[in-house]
Amino acid sequence: MNGRNFPAGAVVVKDGEVISSEISSPYPGLFHADSKAVSTAFQKSGVQKGAILYVGLEPCLMCTSVAYWAGIRRIVFAIPKSNVSSNYYETHNDTHNVVAAFNEYMNIVHLKSLEPEVLEVVRKWENNHSTDLSSVI
Ligand SMILES: [Zn+2]
């Protein structure tokens with residue numbers, strides 16, 4: 001990973017097939033992996049009804065909304081916001097409050113079985129970038 005942005009990853013899966021997979025931009029705060037993966041999937045095959053977005057970190061408000069407007073109604077993440085530095089998020093707002101206001105139900109699932117493996121990646125990255133943490137999302 002070049003630059004200082006956290007190397008988050010995201011995958012869009014539909015009907016058992018990987019439609020897109022992306023990592024975050026190397027530029028802090030720009031192009032989260034989640035939004036990039038959804039955008040790439042949308043460019044390939046339009047509205048993503050029935051697709052699932054898998055992400056390492058609990059998605060932020062922006063990425064959750066991007067996924068919703070692309071037709072995705074299920075997001076699976078490994079690490080909840082509360083288990084990582086608040087520096088990874090631009091707001092402390094609870095995403096669930098926003099999701100509750102959407103017209104259609106959106107299911108956001110914390111898959112705890114993936115958490116130890118993803119958390120290990122996060123901690124390794126943090127140890128290598130401990131002086132950069134104020135600029136990451
Ligand atoms: Zn995001």
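Predicted model: local features only at pLDDT ≥ 70, side-chain atom pairs only at ≥ 80, totals over all residues.
User: At what angle do helix α1 and helix α2 pack, and is α1 roughly parallel or roughly antiparallel to α2?

Analyst: Two packed helices are described by the angle between their axes and the distance between the axes. Helix α1 covers residues 33–45 and helix α2 covers residues 61–69; their axes are 8 Å apart, and the angle is about 15°.

User: Is the crossing of α1 and α2 left-handed or right-handed?

Analyst: The handedness of a crossing is a separate description from its angle. Where α1 passes α2, the crossing is left-handed.

User: How many Å should the 13 residues of α1 span, and how far apart are its end C-alpha atoms?

Analyst: The expected span follows from 1.5 Å a residue, taken over one less than the number of residues. For the 13 residues of α1 this gives 18 Å, and the end C-alpha atoms agree with it because they are 18 Å apart.

User: Which residues of α1 are buried, and what covers them?

Analyst: A residue counts as buried if 20 or more other C-beta atoms lie within 10 Å of its own. In α1 the buried residues are A33, D34, S35, K36, A37, V38, A41 and F42. Their cover includes α2 and the strands β1 (9–14), β2 (17–23) and β3 (52–57).

User: Which residue follows α1, and what is its phi?

Analyst: The residue that follows α1 is G46. The phi of G46 is positive, near 70°.

User: What pattern does the protein follow along the sequence?

Analyst: The secondary structure comes to four helices and five strands. Read along the sequence, these elements give the pattern β-β-α-β-α-β-α-β-α.

User: What share of the 137 residues of the protein counts as buried?

Analyst: Burial is judged by counting other C-beta atoms within 10 Å of a residue's own, with 20 or more needed. Of the 137 residues, the share that counts as buried is 32%.

User: Where is D15 found, and is D15 buried or exposed?

Analyst: D15 is found in the loop between β1 and β2. Its phi is near 55°, a positive value in a residue other than glycine. Inside 10 Å, D15 has 7 C-beta neighbours, so D15 counts as exposed.

User: What separates the C-alpha atoms of S113 and I79?

Analyst: S113 has its place in the loop between β5 (107–110) and α4 (115–128). S113 is exposed because 7 other C-beta atoms lie within 10 Å. Along the chain, S113 and I79 are 34 residues apart, and their C-alpha atoms are separated by 9.8 Å.

User: How far apart in space are S85 and E126?

Analyst: S85 is found in the loop between β4 (74–79) and α3 (95–100). With 13 C-beta neighbours inside 10 Å, S85 counts as partly exposed. In sequence, S85 and E126 are 41 residues apart; in space, C-alpha to C-alpha, the value is 9.5 Å.

User: Which residues does V11 touch, not counting residues up to four places away in sequence?

Analyst: V11 is found in strand β1, and V11 is partly exposed, with 19 other C-beta atoms within 10 Å. V11 and S21 are 10 residues apart in sequence and 4.2 Å apart in space, C-alpha to C-alpha. Not counting residues up to four places away in sequence, V11 touches V18, S21, A37 and Y54.

Note on methods:
Residues numbered from 1 in each chain as written. Axes fitted to C-alpha atoms, helices over the stretch in contact; angles between N-to-C directions. Helix = DSSP H or I, 4+ residues; strand = E, 2+ residues; numbered from the N terminus. Left-handed = near helix turned anticlockwise from the far one by under 90°. Buried ≥ 20, exposed ≤ 12 C-beta atoms within 10 Å, placed from the backbone. Contact = placed C-beta atoms within 7 Å.
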